[in-house]
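Take the features one at a time, and keep the view open as you go.

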Amino acid sequence: MKLGMNNEDVQRLNRCLVIQLLLEKNPISRVELAKRTGLKKATITNIINEFIEMGIIEEKGQMVGEYGRKTDVIKLHVEKGRIISLRITRKYFEIELIDLNGYCLHSYKEPISTFDAISKTLDTLIESLKNVITDVGAKYILGISVAVPGPFIQGNKNLTLVSGFEQLKLIDIKKEIEEKIEKEFDIHVFVEHDAKLAAFAEAKHWSKVKKNVGILVEILSTGQGVGAGIIIDGKILKGKLGTAGEIGYMGINFNGPVAESGMRGTFEYYSSSESIKRYVLDRLNEFPETTLSEESTLDDIIEEYKKGNPLARWAVEKTAWHLGYGIASLALILNPEVIILGADYPRLPDFLDMVRDTVKQLVYKEIYDALTIDFSQVEGDATLMGGYYLVLDCLLHSQLILDRIKRVVSPD
């Protein structure tokens with residue numbers, strides 16, 4: 001508890017703590033709420049009675065509790081509460097409308113061109129956001145998350161420095177959305193790097209299946225880029241300027257070719273999902289009978305890999321080896337418990353095994369044995385889901401969550 005808190009501050013803190021637990025364990029018993037919060041049963045009873053009067057608590061019958069005894073449980077139910085999660089990539093932007101329990105109610109995707117003026121792209125994006133807000137009603141939106149590709153430098157001026165989407169750095173995306181959305185609709189906007197949000201969602205998943213995951217890393221590849229989100233004790237590692245996790249720019253081959261970023265021999269040049277396509281093109285002339293061509297997509301290559309196409313197998317295996325090589329460095333530097341491969345990587349058991357085998361060869365046995373390397377376990381887009389968690393996390397820690405919920409349930 002902070003020093004200098006008055007009774008009103010304490011009450012607000014207690015209510016936010018109860019809401020947090022109701023969100024994490026939905027449903028939950030009053031007994032468990034008291035146990036987990038450390039609050040007296042009478043305090044929990046008063047808070048729950050207040051929430052019942054607000055209309056945000058449902059009785060959910062009984063469940064088997066501690067020592068096998070049945071106990072009454074309750075559930076947080078803010079029927080109209082919504083969170084908007086927006087993701088911007090080089091090829092499209094996507095908006096998801098998510099309820100307070102984390103279920104996607106609506107999804108909208110709009111293609112964009114990196115050759116268009118950024119003002120045109122921004123206008124389309126803002127118009128789409130406003131349409132969603134208008135359709136739902138601004139009072140029902142608890143917050144908006146915006147996921148941007150990186151590197152994303154945060155400070156007095158927020159810069160998004162994306163190879164292949166240079167126009168994005170011409171605007172302060174956070175400032176633009178705050179001025180055009182936050183001020184007009186009185187909705188909090190939170191902007192974060194896409195890989196960090198994906199990792200945040202993965203950490204929330206792992207906290208449910210395995211307690212006390214100290215360090216989790218998610219490697220996200222979007223086209224030719226590779227970034228990582230690093231979660232330590234449930235918190236996003238940001239660094240001085242918010243760029244912690246830009247592993248794509250790690251040098252792994254001093255004599256390697258210069259990538260689009262202008263840097264030589266970078267990790268992302270060798271290990272992104274797009275690298276598979278480049279490897280195919282590099283040796284296409286050596287396989288005159290292959291069914292692959294310059295127009296083959298990543299999906300085409302993966303399908304050919306499954307059929308045993310030798311060129312496809314070589315490209316996939318080469319990417320897996322380089323990815324494992326970089327992961328070995330992360331394992332030695334960070335010593336994480338979990339490393340997640342994002343959704344853009346081939347979701348093939350063979351691919352995962354090759355990555356694991358490479359790491360196993362390059363790190364100490366004790367480090368490898370304590371490390372889990374796996375595919376993403378989050379349903380849907382982990383970055384968009386991470387945006388949902390970010391909004392809740394920020395509102396809880398700023399103790400604004402109760403005010404936003406009160407606005408949702410207030411009479412029109």
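Q: How do strands of a sheet pair, and in which sense do β7 and β10 pair?

A: Strands of a sheet pair through backbone hydrogen bonds, either parallel or antiparallel. Here β7 and β10 pair in the parallel sense, over five bridges. Ala-147 stands opposite Glu-192 in β10. Keep in mind that this is a predicted model.

Q: What is the strand order of the open sheet?

A: The order is β6-β5-β4-β7-β10. That makes five strands, with mixed pairing.

Q: Which are the edge strands?

A: They are β6, residues 104–111, and β10, residues 189–193. Each of them pairs on one side only. From one strand to the next, the twist averages 15 degrees.

Q: How many bridges join β4 to β7?

A: Six bridges join them. Strand β4 covers residues 82–88, strand β7 covers residues 141–148, and the two run parallel. For a landmark, find Arg-82, which stands opposite Ile-141 in β7.

Q: Now the other side of β4. Do β4 and β5 run parallel or antiparallel?

A: They run antiparallel, joined by seven bridges. Leu-86 stands opposite Ile-95 in β5. The two strands form a hairpin, with three residues between them.

Q: How many bridges join β5 to β6?

A: Seven bridges join this antiparallel pair. Ile-98 stands opposite Cys-104 in β6. This is a hairpin too, with four residues between the strands. In that hairpin Gly-102 takes a positive phi near 90 degrees.

Q: Where do the side chains of a strand point, and which residues of β5 lie on each side?

A: In a regular strand the side chains alternate between the two faces of the sheet. In β5, Tyr-92, Glu-94, Glu-96 and Ile-98 are on one side. Phe-93, Ile-95, Leu-97 and Asp-99 are on the other. Both faces are covered. Eight of the eight residues of β5, 92–99, are buried.

Q: Which residues of β10 point one way, and which the other?

A: Val-189, Val-191 and His-193 point one way. Phe-190 and Glu-192 point the other way. Five of the five residues of β10 are buried.

Q: Which strands does helix α5 lie across?

A: Helix α5, residues 173–185, lies across β4, β7 and β10. Its direction runs at about 160 degrees to β10. Helix α6, residues 194–209, also packs on the sheet and touches β4, β7 and β10. The direction of α6 makes about 95 degrees with that of β10.

Q: Take a helix next. Which residues of α14 are buried?

A: Helix α14 spans residues 401–409. Its buried residues are Ile-401, Leu-402, Arg-404, Ile-405 and Val-408. Look down the axis of α14: these buried residues fall within an arc of 160 degrees, so they line one face of the helix.

Q: What do the buried residues of α14 pack against?

A: They pack against α1 (7–24), α3 (41–54), β7 and α13 (382–397).

Q: Now single residues. Is Thr-319 buried or exposed?

A: Thr-319 has 0% relative accessibility, so Thr-319 counts as buried. Its place is in helix α10, residues 310–334. Leaving out residues up to four places away in sequence, Thr-319 touches Tyr-270, Ser-271, Ser-272, Ser-275, Ile-276, Tyr-279 and Phe-351.

Q: Where is Asp-116?

A: Asp-116 is in the loop between β6 and α4 (118–136). With a relative accessible area of 27%, Asp-116 is partly exposed. Not counting residues up to four places away in sequence, Asp-116 touches Thr-121 and Gln-167. Asp-116 and Gln-167 are 51 residues apart in sequence. In space they are 8.7 Å apart, C-alpha to C-alpha.

Q: How is a pair of aromatic rings described, and how many aromatic pairs does the count come to?

A: A pair of aromatic rings is described by the distance of the centres and the angle of the planes. The rule used here pairs rings whose centres lie within 6.5 Å. By this rule the count comes to six aromatic pairs.

Q: A charge can also sit over a ring. Over which ring does the charged end of Arg-278 sit?

A: It sits over the ring of Tyr-279, 5.7 Å from the ring's centre. Arg-313 lies over the face of Tyr-305, at 4.4 Å from the ring centre.

Notes: Residues numbered from 1 in each chain as written. Predicted model: local features only at pLDDT ≥ 70, side-chain atom pairs only at ≥ 80, totals over all residues. Heavy atoms only, no water. Phe/Tyr/Trp six-rings, centres within 6.5 Å; stacked < 30°, edge-to-face > 60°. Lys NZ or Arg CZ within 6 Å of the ring centre and 35° of its normal. Pairing = 2+ DSSP bridges. Axes fitted to C-alpha atoms, helices over the stretch in contact; angles between N-to-C directions. Contact = heavy atoms within 4.5 Å. Buried < 20%, exposed > 50% of the residue type's maximum accessible area, 1.4 Å probe, protein only. Arc of directions from axis to C-beta.
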